[in-house]
Amino acid sequence: MASTVPNPDSLGSNPGRHLAHIAKVLRLRQLSAMVLARLVCTSSTLQRKNIAAAGPEKYTQEFIKKQIEEFNIGKRHLANMMGEDPETFTQEGIDRAIAYLFPSGLFEKRARPVMKHPDEIFPKQRAVQWGEDGRPFHFLFYTGKQSYYSLMHCLRFIQLLERILALPYCSMEEEYIQRFRRALEVQSKKQKIEPLQYDENEVAFSTGEGRRKTATATTIVRDNGSGNITVNGVDYLHYFPVLQDREQLMFPFQFLDRLGKHDMECKVTGGGRSAQAGAIRLATARALLSFVTENEVESMRQAGLLTPDPRVKERQKPGQEGARRKFTWNKR
Amino acid sequence: VLPVRWTRYNPYYLEPEPSREVYRIPVTELTDEQKAAQELKAVRPIKATPSGLTSSVFSDPTVSKFVNMMMEDGDKVLARSIITQTFESMKRKQVEKYHKAPATEKEGIECNPYTIFHQALENCKPIIGLISIQKGGKYYQVPTPLTDSRRRFLAMKWLITECRDNKHRRTHMYEKLSQELLAAFMNEGNVIKRKHDMHKMAEANRAFAHYRWW
């Protein structure tokens, strides 16, 4: 594709004609590139290949090397033409030279003639990541982000960062490194434990509230008791005839080994049988927090006694009979 | 549009551990895995315990799952009463057998209905399962390994369907269940037979094992 480059020494005789020849050579090169590209396009459309699937155009290393050689030679020619030193001819000089030699009236700056290093014109392509047998070179290739994971783990990046924080005088970099750290809060400190209250007879008591699925319960747990439980003024055995609900009432006491030591009085409204039992369980667990040590609070939390259950009845959607059930499918 | 399984809980929440023994182990005797798990639990929020489980010695998660699977139309009271009646009848049968047996065999007879239930369930669990895979227009039964939860589910499902379908008209559910559980404890009965059938089918279809791509 490269036509013979005119000898720079023959510049002297007719610079104007030589200039026109240089311009023609350069434009020819641009044109031939465009023609080639168009040829490539037409040939592929003739053969009906999927152009989009082929991806961006691939340039071989030799092609790019040739382009770089031609660019350098052209740069020296330009320098000679402009009367400057070829060795110290910068890109700004090239731009000025092209703007002088090929004045263009086009408004779009990107459409004007340009002479740049081929690395800036031809898009950078990834070298092929695998060998001839199809086996990738990097051992972390299949993670998708091989350089990221290799940085993170092979160079022990995270360990390095943590070590930096352990050194003295780390306060300078601490702020920067903390930006990449996420603070994990210790969950047990989020529990609000109210202090014990004392009523007229110097007996310690504590209140708690709990909700489960539209049922709300408020309880008062008193110390020095014998395990009596009163729900809405009625004994728990009469209010909850089902064993499972009574087990739920006992759960917080049984977990803390305080079955016969407290008295409980509670009020429940709303919900159904099981929801009221769950609400009372949460309320008693919260009330018992004031009587109990920190480790026991943490074990209660890990047993699931202190989390309010977020499960509620799912709403019905329009076009369906229930939350999930659809109307009977009719063919006609 | 495929239905997607979701919960009201954030996926960040961890499962609760209601039993008390875990919290009684002193800090020094924990293994490394348990220590790592404890540290993780200290930082993550935890879900609420479901209403079928408690920390008492009488509550069993396997029995609770079985009760839920037995339940129809949300009637947990009825399902739980059937299970308690089953255990009661199993205990009665075993105690009768115990008193009738000679002194040498008395130690071999298991009377605790919970251990019988667990052992029977263990005997009913299949080791390998079959999956229907479509290939080339036909459906093949391909042998595949099963997870623990899937095995437990299949064992319970077979027990319940067996008791619902193949019983004499006038027998109660608890009678039939206790018979099946005692038979499964002895590795006899229809449920064990069904498990062996499944294993034989898997062995017969060994050639299709490579149809599975996961």
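# Legends to the close-up views

**Strand β6 of chain A and its neighbours.** Strand β4 (residues 229–231) of chain A is joined to β6(A) by three bridges, and the two strands run parallel. Two strands are said to pair if DSSP finds at least two bridges between them. Helices (H or I, at least four residues) and strands (E, at least two) are DSSP runs, numbered from the N terminus. The structure is a predicted model, in which local features need pLDDT of at least 70 and side-chain atom pairs count only at pLDDT 80 or more, while totals for chains, interfaces and linings use all residues. Residues are numbered from 1 along each chain as its sequence is written, chains are lettered from A and ligands numbered from 1 in the order in which they are written, and side-chain values use heavy atoms, with hydrogens and water left out. In β6(A), A:M264 is the bridge partner of A:I229. Strand β3 (residues 215–222) of chain A is joined to β6(A) by seven bridges, and these strands run antiparallel. Here A:T216 has A:T269 of β6(A) as its bridge partner.

Buried means under 20% relative accessible area, exposed over 50%, and partly exposed in between (1.4 Å probe, protein chains only).

A:H262 counts as buried because its relative accessibility is 2%. Its contacts (heavy atoms within 4.5 Å), not counting residues up to four places away in sequence, include A:V221, A:R222, A:F253 and A:F291. The side chain of A:H262 also makes a polar contact with the side chain of A:R258, at 3.3 Å. A polar contact is a pair of N or O atoms within 3.5 Å; within protein, one must be able to donate a hydrogen and the other to accept it, and residues adjacent in sequence count only if both atoms are side-chain atoms.

**Two loop residues with positive phi.** A:K213 lies in the loop between β2 (204–212) and β3 of chain A, and its phi is near 60°, a positive value in a residue other than glycine. A:K213 counts as partly exposed because its relative accessibility is 43%. In chain B, B:D73 is placed in the loop between α3 (61–70) and α4 (76–100), and its phi is likewise near 60°. B:D73 counts as exposed because its relative accessible area is 83%.

**The interface of chain A and chain B.** Chain A brings 33 residues to the contact and chain B brings 30 residues. About 2700 Å² is buried between the chains, with 49% given by carbon and sulfur atoms; buried area is the accessible area (1.4 Å probe) that two parts lose on being put together, summed over both. Three salt bridges are counted between the chains, each a side-chain nitrogen of Lys or Arg within 4 Å of a carboxyl oxygen of Asp or Glu. In a salt bridge of 3.2 Å, N to O, the side chain of B:R20 meets that of A:D257. On the side of chain A that touches chain B, two or more residues come from each of α10 (243–255), α11 (273–288) and α12 (294–302). Helix α10(A) gives the most, with seven residues.
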